[in-house]
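This report describes a protein chain for a reader who is new to structural models. Please keep the sequence and the structure in view while reading.

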Amino acid sequence: MNPQIVSFPSKLFNKMTAALDGAIAAGVDADVRDRIDTARRLVVSASVTATETTTGGLAPWQIIKIKTYIARNIERSLSNDELAALARLSTSYFCKTFRTSFNETPQQYVLSRRIENACLLMLETPDTLADIAYACGFTDQAHLSRQFRRTMGTSPHAWRRHFSKDNTQGVLA
C-alpha cells in the first residue's frame with residue numbers, strides 16, 4: 001500500500017491543526033471556526049482503525065480489505081456491487097453492515113477518501129486542480145469543486161490558498 005495514503009490522516013491533521021491554530025489565534029469569525037471543526041471531524045473520521053467494529057458490522061478482515069481496496073483504486077469508479085463482492089456479501093447486506101461499521105454509506109466513505117486525497121495533493125504538490133481531480137477519481141475539476149464545497153464549505157482553490165505552506169495567515173472564503 002502507498003505509504004502516503006496510510007499516513008494521510010495524521011499528516012493532514014498535523015498540518016491542518018497548525019494552520020488552524022494560527023487562524024484561531026489570529027481571531028476568526030464563527031463561520032470559519034465551524035469550517036475548521038468540520039475539517040477536523042473529516043480528518044479524524046479517516047483515522048478510525050480497522051479493529052473498531054460494532055455488533056452487526058463488517059468483520060475486521062472485511063474492513064481492512066475494503067479500506068485497502070478503496071485506497072488503491074481511489075482514482076476510478078467504485079461500485080457497491082464491486083465492494084460487496086470483495087467482502088463476500090450481497091450488495092444490500094454489505095451496504096447495511098458497512099453503514100454500521102463506518103457510520104456512513106460506502107459511497108459517502110469513498111467520497112470522503114477522495115476529498116482527503118485531494119487535500120493531501122493540494123498541500124504537497126503543485127499540480128493543477130484538474131490533475132488532482134482526475135488523480136482522486138473525480139470526473140473533472142468541476143466535480144471536485146462541487147463535492148469539495150459541499151464537504152468542506154469552501155472551494156478547493158480557497159482551501160489550498162489558505163493551507164499552503166507559503167500562506168498560513170489566509171482566511172477561508
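## Confidence in the model

The term pLDDT denotes the predictor's confidence in each residue, on a scale from 0 to 100. The structure shown here is a predicted model. Averaged over the chain, pLDDT is 80, and 64% of the residues score at least 70.

One is residues 1-6, for which the model has 7 contacts beyond four places in sequence. Another is residues 168-173, with 14 contacts beyond four places in sequence. Where pLDDT is low, the predicted coordinates should not be read in detail.

Helix 5 spans residues 80-87, and its buried residues include Leu 83, Ala 84, Leu 86 and Ala 87. These residues lie on the same side of helix 5, because they cover an arc of only 155° around the axis. An α-helix has 3.6 residues a turn, so residues three or four places apart point the same way. The face turned away from the buried side of helix 5 carries the exposed residues Asp 81 and Ala 85.

After helix 5 comes Arg 88, which has a positive phi, near 60°.

## Helix 4 against helix 6

Two packed helices are described by the angle between their axes and the distance between the axes. For helix 4 and helix 6, the angle is about 95° and the axes are 12 Å apart. Helix 4 and helix 6 are therefore roughly perpendicular to each other, given that angles of 65 to 115 degrees count as such.

At this packing, helix 4 contributes Ile 63, Ile 66 and Lys 67, which meet Phe 94, Phe 98, Ser 101 and Phe 102 of helix 6.

The axes of helix 7 and helix 10 (residues 156-163) come within 9 Å and cross at roughly 50°. This angle makes helix 7 oblique to helix 10. The crossing of helix 7 past helix 10 is right-handed. From helix 7, Cys 119, Leu 121, Met 122 and Leu 123 meet Pro 156, Trp 159, Arg 160 and Phe 163 of helix 10.

The loop between helix 7 and helix 8 (129-135) holds Asp 127. Asp 127 counts as partly exposed because its relative accessibility is 34%. Apart from neighbours within four places in sequence, Asp 127 is in contact with Ile 132 and Arg 160.

Conventions: Residues are numbered from 1 along each chain as its sequence is written. This is a predicted model: local features need pLDDT of at least 70, side-chain atom pairs count only at pLDDT 80 or more; totals for chains, interfaces and linings use all residues. Side-chain values use heavy atoms; hydrogens and water are left out. Buried means under 20% relative accessible area, exposed over 50%, partly exposed in between (1.4 Å probe, protein chains only). Helices (H or I, at least four residues) and strands (E, at least two) are DSSP runs, numbered from the N terminus. The arc is that of the directions from the helix axis to the C-beta atoms. Contact means heavy atoms within 4.5 Å. Axes are lines fitted to C-alpha atoms, for helices over the stretch in contact, and angles run from 0 to 180 degrees between N-to-C directions. Angles under 35 degrees count as roughly parallel, over 145 as roughly antiparallel, 65 to 115 as roughly perpendicular and the rest as oblique. A crossing is left-handed if the near helix is turned anticlockwise from the far one by less than a right angle, and right-handed if clockwise.
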